[in-house]
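Here is a short briefing on one structure. Take a look at it first, then read the notes below.

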Amino acid sequence: MRSETEGCPSVSCVESDNIGTMKSLRQSPTVVTLAVIGAVFLAQQAVGVVTAPRSLFALSPPLFSRPWTLVTSVYAHAGLSHLIANAVGVALAGVVLERRTSPLRFHAFFLSTGALAGVSQVSIASLVGPLVPGMVSHVSVLGASGAVFALFGYLLAANRLTDTVIGGFELAPRVQLALAGGVAAAITLATANPGVALIAHFTGLLLGFLAGRVHLLRPTDSPQTPETANY
């Protein structure tokens, strides 16, 4: 709060600060993403009054029978606890990453990695399920966890420490890909729980790693500074 002796009436300054804060929140891709997740969850509850909401929002085979689920499945959730867990992940990773990219790139990355993670879960289960006893071949997927894993994967791969460690070795692209896959598999298995879409988590994390290594989210028109050089 500023005093009137600084040339600004205290009430006016408080109002100006509040307006600036609200504008910053509206422009934050993390806040927008959380708002979309919340709105979709409310829509699920409303639809659930008259029909089964999962069938309208979840991604399931055949993939293109309901093409809108490529988008809705990324933001829809199976329940409140599922939503809260993913919302915390979005908030933790998003507030860091949004400072190093544009809102458009952030949203495109979140949606595309989430959709690809869901597609991989449904497709691989459909292909492998009939060959593995006890494995369900027809699955439906919903939730932002694939995209959340991609955000964390990007942060892990694009930071200064990772650049220093990997840059110190002359690793062939195939070796780097194998290393990223191994790390993604290890983290996925370490965070595994019953009912979790492990293939989607692995896919999201791997996509995030690969995007982070090439700094995909770095705006092309931004200058290379010590602050932005590692994201």
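**V148 and its surroundings**

Setting aside neighbours within four places in sequence, V148 contacts N86, G89, V90 and F110, where contact means heavy atoms within 4.5 Å. The model is predicted: local features need pLDDT of at least 70, side-chain atom pairs count only at pLDDT 80 or more, and totals for chains, interfaces and linings use all residues. Residues are numbered from 1 along each chain as its sequence is written, and side-chain values use heavy atoms, with hydrogens and water left out.

**Position of V148**
- V148 sits in helix α7.
- V148 is buried, at 6% relative accessible area (buried is under 20%, with a 1.4 Å probe and protein chains only).

**Packing of α5 and α7**
- Helix α5 (residues 80-97) packs on helix α7 (residues 145-158) at about 35°, with axes 9 Å apart.
- N86, G89, V90, L92, A93, V96 and L97 of α5 meet S145, V148, L151, F152, Y154 and L155 of α7.
- By class, this contact of α5 with α7 has 10 nonpolar, 3 polar and no charged residues.

**R66**
- R66 lies in the loop between α3 (53-57) and α4 (69-75).
- R66 is buried without a salt bridge (a side-chain nitrogen of Lys or Arg within 4 Å of a carboxyl oxygen of Asp or Glu).
- The nearest side chain of opposite charge to R66 is E98, 31 Å away.
- Beyond neighbours within four places in sequence, R66 contacts S55, L56, A58 and S60.

Technical notes. Helix = DSSP H or I, 4+ residues; strand = E, 2+ residues; numbered from the N terminus. Buried < 20%, exposed > 50% of the residue type's maximum accessible area, 1.4 Å probe, protein only. Lys, Arg positive; Asp, Glu negative; His and termini not counted. Axes fitted to C-alpha atoms, helices over the stretch in contact; angles between N-to-C directions. Nonpolar A, V, L, I, M, F, W, Y, C, P; charged D, E, K, R; others polar.
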